[in-house]
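This briefing covers selected local features of one protein model. Please have the sequence and coordinates open while reading.

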Amino acid sequence: MKIVVLAGGLSPERDVSLSSGSLIANALRRTGHKVLLLDVYEGIAGEIRDPDKLFKDHTGEPYTYSVPEVQPDLHGIKSKNQNCEALVGSNVVSLCKSADLVFIALHGAMGENGQIQAFFDVLGIKYTGTGYIGCLLAMDKDIAKRLMCQSGIPTAEWIIFKDSMSPQSIIDRIGLPCVVKPCSAGSSIGVSIATNMDQLIKAIDDAMNIEHRVIIEKLVRGREFSVGILNGDALPVIEIKPKTGFYNYKNKYQKGMTDENCPANLPKSDTVRVQNLAIMVHRTLQLGPYSRIDFIQNTEGEFICLEANTLPGMTPTSLLPQEALAAGITYEELCNRIIRSAVCTNTPFL
């Protein structure tokens, strides 16, 4: 197949996406596909007379990209691209139309909030992953948590911050410590744990620098787990143990910062319980062929759902590939299973 791997974009998760996209593109090339790794925001300038020449087979240099410790300078990237406000760059649409399939390797922003999926649906471009409805429901943490509550899925108590709220009123309702995060961002970008009023005020300001809607959750202490879903089935559970602090941007994407155990050291009954909960979340949010659902097991042994990821990371430190490997699925096979289950509509995989 001729495949565009769509990555990058104008998102705080841009670097993570480019790392995922590079590995995905290389894996697909190794298994016989012709691949173009394409930055959705930057595109390719100028006239393209023969698009086929841009697609690489298994020969030649592999794509490479490492995630820096700090988040990308989006203002600098816009400046480099003449401050272009369009989220889809030059020749992106025509190149995607020329391919048999688009493998969406975007993270955050329009890659996971349903915008690019709806855009491709209108254009009739076939793509991988969840459709626009599932992406919208999962990306908005407030909507996702409301739906989980309605389905009986435990999730941490939360509020959406409003300008009229005083720090004390937030503490009175949620308590301390609490978790402050942008309502529709991923990769732990803009996430802080506040243990006092000053930290709470700063955490809200930091989150609002990423997004104007901010969610504040009661902190749940316990062991952290993640469960991948692939074509309706739960993969082996993975446990995440950051060596310092919590599972933030640096601990997620810098090698050696976090210990991950897969399969997780859990009693069989707990493994089955959290896998079934993950499948419930996946179905409740109308997600597609694959996803990753994150949990905390509190001190009472209850699994609390943190969030659902419609486009899980595929970087060297990402969780989904580790879970797949524990199930005997190589990285190359994982990528190929995803493309075989590709959709061009918002039909959920139920």
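The model is predicted: local features need pLDDT of at least 70 and side-chain atom pairs count only at pLDDT 80 or more, while totals for chains, interfaces and linings use all residues. Residues are numbered from 1 along each chain as its sequence is written, and side-chain values use heavy atoms, with hydrogens and water left out. Helices (H or I, at least four residues) and strands (E, at least two) are DSSP runs, numbered from the N terminus.

- Three strands make up an open sheet with parallel pairing, in the order 2-1-3; two strands count as paired if DSSP finds at least two bridges between them.
- Strand 2 (34-39) and strand 3 (101-104) are the edge strands, each pairing on one side only.
- On average, neighbouring strands of this sheet are turned by 25 degrees against each other, direction ignored.
- Strand 1 (residues 2-7) runs parallel to strand 3 and is joined to strand 3 by four bridges.
- L6 has I104 in strand 3 as its bridge partner.
- Helix 5 packs on the sheet and touches strand 1 and strand 3; contact means heavy atoms within 4.5 Å.
- The direction of helix 5 makes about 175 degrees with that of strand 3; axes are lines fitted to C-alpha atoms, for helices over the stretch in contact, and angles run from 0 to 180 degrees between N-to-C directions.

- T128 sits in the loop between helix 5 (115-123) and helix 6 (132-139).
- With a relative accessible area of 1%, T128 is buried; buried means under 20% relative accessible area, exposed over 50%, and partly exposed in between (1.4 Å probe, protein chains only).
- A polar atom of the T128 side chain lies 3.0 Å from the backbone nitrogen of I104.
- I104 is also the bridge partner of L6.

**Helix 1 with helix 13**

- Two packed helices are described by the angle between their axes and the distance between the axes.
- For helix 1 (residues 14-30) and helix 13 (residues 331-340), the angle is about 90 degrees and the axes are 9 Å apart.
- Helix 1 and helix 13 are therefore roughly perpendicular; angles under 35 degrees count as roughly parallel, over 145 as roughly antiparallel, 65 to 115 as roughly perpendicular and the rest as oblique.
- From helix 1, S20, L23, I24, A27, L28 and R30 meet Y331, E332, C335, N336 and I339 of helix 13.
- By class, this contact of helix 1 with helix 13 has seven nonpolar, two polar and two charged residues; Ala, Val, Leu, Ile, Met, Phe, Trp, Tyr, Cys and Pro count as nonpolar, Asp, Glu, Lys and Arg as charged, and the others, Gly among them, as polar.
- Helix 13 has Y331, L334, C335, N336, I338 and I339 as its buried residues.
- These buried residues of helix 13 pack against strand 1, helix 1, strand 3, strand 8 (222-230), strand 12 (290-298) and helix 12 (319-326).

**Helix 8 with helix 9**

- Helix 8 (residues 167-174) packs with helix 9 (residues 197-208) at an angle of about 105 degrees, and their axes are 10 Å apart.
- Helix 8 and helix 9 are therefore also roughly perpendicular to each other.
- P167, Q168, I170 and I171 of helix 8 meet M197, L200, I201 and I204 of helix 9.
- The contact of helix 8 with helix 9 has seven nonpolar residues, one polar and no charged.

**Backbone features**

- Most residues other than glycine have a negative phi, and most peptide bonds are trans.
- The peptide bond from L176 to P177 is cis, with omega near -5 degrees, and P177 is in the loop between helix 8 and strand 5 (178-182).
- C262 and P263 are joined by a cis peptide bond with omega about 0 degrees; P263 is in the loop between strand 11 (258-261) and helix 11 (268-284).
- Q82, in the loop between helix 2 (74-80) and helix 3 (92-98), has a positive phi near 55 degrees.
- Q82 is exposed, at a relative accessible area of 67%.
- N83 lies in the loop between helix 2 and helix 3 and has a positive phi near 55 degrees.
- N83 counts as partly exposed, at 48% relative accessibility.

**D259 in strand 11**

- D259 lies in strand 11 and is partly exposed, with a relative accessible area of 38%.
- Not counting residues up to four places away in sequence, D259 touches E239, I240, K241 and K243.
- D259 and N231 are 28 residues apart in sequence, and their C-alpha atoms are 27 Å apart in space.

Definitions and conventions. A polar contact is a pair of N or O atoms within 3.5 Å; within protein, one must be able to donate a hydrogen and the other to accept it, and residues adjacent in sequence count only if both atoms are side-chain atoms.
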